[in-house]
Structure formats: structure tokens, C-alpha cells
Amino acid sequence: MLAKTWLITGTSTGFGKSLATFLAQKDDVNLVATARHTDQLAYLDQYNHGQILKQVLDVTKPDEITAAVAATTDKFGALDVLINNAGLGYFGTFEESDRDAVRYMFDVNVWGLVDMTRAVLPTMRSQGAGIIVNFSSIAGLASFPTLSFYHGSKHAVEGISASLAQEVADQGIKVMLIEPSGFRTDWAGRSSQKAMPKISAYAQFADSIEGSETGAHHEPGDPDKAAAIIYDQVMNHAEELPLHLPLGKFATDTAIAKYEKSLADFKAVREISLSADQPEEK
Ligand SMILES: NC(=O)c1ccc[n+]([C@@H]2O[C@H](COP(=O)([O-])OP(=O)(O)OC[C@H]3O[C@@H](n4cnc5c(N)ncnc54)[C@H](OP(=O)(O)O)[C@@H]3O)[C@@H](O)[C@H]2O)c1
């Protein structure tokens with residue numbers, strides 16, 4: 001059996017660690033597990049069987065991106081699956097969010113994913129095959145208070161991915177968006193800065209921002225189950241890979257409700273929309 005080569009960003013904790021741990025036990029996978037600090041990847045040592053490469057990679061550093069992709073193709077001769085998993089959060093009202101902090105979040109969540117994807121596309125095009133799995137979120141489909149900039153970053157991931165999917169379909173390359181709701185990872189805790197409201201008009205949001213910290217690691221989603229689902233989709237359902245894969249009850253119920261409501265909203269204003277066009281030319 002010819003093994004598929006997977007490269008995952010952000011495998012120190014959370015979804016990335018669960019997926020790396022799962023894949024490290026599969027004979028049909030060559031695993032490139034990346035992290036900002038490779039000493040965070042000692043958990044993989046027990047599986048060291050020649051099909052695992054640990055690679056330092058901060059997705060905001062272009063030279064490390066280039067080196068990681070080169071190391072992957074040098075060792076395994078291919079790069080079949082890219083998992084753009086690395087990501088951060090930010091809780092705060094729109095008006096009170098720190099501009100530098102949310103810019104950095106966009107550097108990781110959006111530009112890191114973009115730069116990684118652009119770095120692997122030449123290899124995937126020359127192979128005539130490849131799968132790009134982009135971690136979005138239910139926050140890429142629906143929006144809630146105190147997450148405006150996180151929503152912005154994940155909505156960007158959605159739009160970029162959906163367009164890219166159409167551009168590369170003829171090259172044998174597929175794109176899948178993972179859209180989880182709350183999962184037990186470090187995301188809501190250490191990976192998300194929190195700006196508590198100072199303006200009294202926003203005091204009502206303090207509880208929900210605080211709740212994101214205290215609720216961390218109590219979410220319903222199990223990242224080990226997500227890892228098994230992603231492996232199964234990529235290895236056994238590549239031909240019919242969905243563009244959207246919400247994970248978790250809240251994610252899928254919210255996505256369906258959001259789109260049902262949007263459909264009704266768009267139909268309600270259809271006549272107004274049509275009235276904005278010039279009459280059709282004969
Ligand atoms: N958990 C959820 O409820 C949830 C829901 C929807 C979507 N997501 C998305 O899932 C993805 C994974 O997050 P997670 O939930 O597994 O949280 P996590 O446990 O905090 O993991 C985040 C990972 O991203 C890495 N990372 C952060 N900045 C990086 C950078 N500049 N370069 C490379 N790696 C970097 C972290 O590495 P360090 O250890 O070095 O910080 C860590 O490995 C994110 O894109 C997140 O937005 C999570």
C-alpha cells in the first residue's frame with residue numbers, strides 16, 4: 001500500500017495533536033507533524049517508525065513554511081494532504097478589541113493558512129492530486145457577540161477556500177472546510193486573548209467572555225473523534241469529499257438554522273433586489 005503524506009500545522013495541542021497521534025498509528029500515512037517548538041512533539045516518540053517527521057513551523061514565518069514543505073517532499077517524495085489547523089481566538093467587543101492582537105490573529109488564521117496553501121499547491125499540481133483541509137469554525141458560518149474579529153478571520157477562510165476549491169478542481173485537488181463547534185482543546189483558554197469590557201454599554205458581555213475561559217476543556221466536542229472522522233473522509237471518501245464539514249451538534253444545528261433563515265431572508269427581499277437591475281437588453 002502506498003502511504004499518503006500528510007502535513008499538519010499546529011500539532012502541539014488540541015485538534016492537531018489528536019490528529020497527529022491518530023495518524024502516527026496508521027501504516028498508510030507518512031506524517032509531518034509541525035509545531036512552533038518541536039520539543040512539544042515528544043508525545044510522538046513512542047510511535048517512531050520511520051514514517052514520522054517532526055518539523056519546526058510557525059505559519060507566520062515564510063522561511064519556515066518553505067523549509068517545512070521542502071523537508072516533506074525530500075523525505076517522502078510527495079505531499080498529499082495539508083491540514084491547515086494552526087489557529088488562535090480573540091474574545092472582546094468590536095469596539096474594544098486590540099488592533100495589534102486581532103491583526104496577529106489574522107496573520108495566523110488567514111495569512112498563515114494562505115501562505116501554507118500557496119507553498120504546497122505547486123507540488124499538488126505536479127502530482128495532479130492533493131487534499132487541503134482548512135480549519136474554519138462554526139464561527140466561519142454564523143456570528144455571535146464578542147467574536148467579531150475571530151468571525152472575520154474564519155469567514156475569510158470560508159470565502160478563500162470555497163473560491164480556491166473551484167480553481168483547483170480540474171487539477172485533481174480538493175478542499176474541505178472543517179467547521180467545529182466547541183471542542184476540548186486549548187483554544188478557548190490559552191489560545192484566545194480576552195478583552196473584558198470597560199465601556200459600560202458593553203458590560204452585559206462580561207459574563208460570556210469570562211465563561212469562555214471557565215468553560216474551556218468542558219466543551220462537548222472530542223478532538224480524538226474529530227481526528228478519526230477527518231482521516232476517514234480523506235482516506236475513504238476523497239472522491240465525494242464535502243466542501244463543508246461542521247463537527248458537533250451545535251455546529252451542524254446552527255449551520256442549518258442559519259442557512260434556512262438566510263434563505264427566507266433573501267426570498268423576502270427578492271423583488272427589491274431585482275428592481276435594482278437595468279431592464280434586460282433585447
Ligand atoms: N476548539 C474549538 O472549540 C474550535 C472550534 C472551532 C474551530 N477551532 C479551530 O481549530 C484549530 C485548532 O485549534 P484547537 O482548538 O486545537 O486549539 P489549540 O489546542 O489551542 O491549538 C492551536 C494550535 O495552533 C498552534 N499555533 C498558534 N499559533 C501558531 C503559529 N503562529 N504557527 C504555528 N502554529 C501555531 C498552537 O501552537 P502553540 O502550542 O505553539 O501555541 C497549537 O498547536 C484552530 O484553527 C481553531 O480556530 C477550534
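Author: Start with one term. A polar contact is a pair of N or O atoms within 3.5 Å. Within protein, one atom must be able to donate a hydrogen and the other to accept it, and residues adjacent in sequence count only if both atoms are side-chain atoms. This is a predicted model, where local features need pLDDT of at least 70, side-chain atom pairs count only at pLDDT 80 or more, and totals for chains, interfaces and linings use all residues. Residues are numbered from 1 along each chain as its sequence is written, and side-chain values use heavy atoms, with hydrogens and water left out.

Now the ligand. A residue is near it if one of its heavy atoms lies within 4 Å. There are 32 residues around the ligand, and Ser12, Arg36, Tyr150, Thr185 and Ser191 come nearest. Gln40 places a polar side-chain atom 3.3 Å from a ligand oxygen atom. Phe15 uses its backbone instead: an N or O atom there lies 2.8 Å from an oxygen atom of the ligand. At Gly87, a polar backbone atom is 3.4 Å from a ligand oxygen. Taken alone the ligand exposes 890 Å², and the protein buries 98% of that (areas by the Shrake-Rupley method with a 1.4 Å probe; for residues, only the protein chains shown count as cover).

Which helices supply the shell? Helices α1, α3 (99-127) and α4 each give at least two residues to it. Helices (H or I, at least four residues) and strands (E, at least two) are DSSP runs, numbered from the N terminus.

Rings of Phe, Tyr and Trp (its six-membered ring) pair if their centres lie within 6.5 Å; planes under 30 degrees apart are stacked, over 60 edge-to-face, and the rest tilted. By this rule there are eight aromatic pairs. The rings of Phe15 and Phe183 have centres 4.9 Å apart and planes at 45 degrees, so the pair is tilted. It links distant parts of the chain. Phe15 sits in helix α1 (residues 14-23), and Phe183 in the loop between β7 (173-180) and β8 (192-194), 168 residues apart.

Phe15 is buried, with a relative accessible area of 16%. Phe183 is buried too, at 9%. Buried means under 20%, exposed over 50%, and partly exposed in between (1.4 Å probe, protein chains only).
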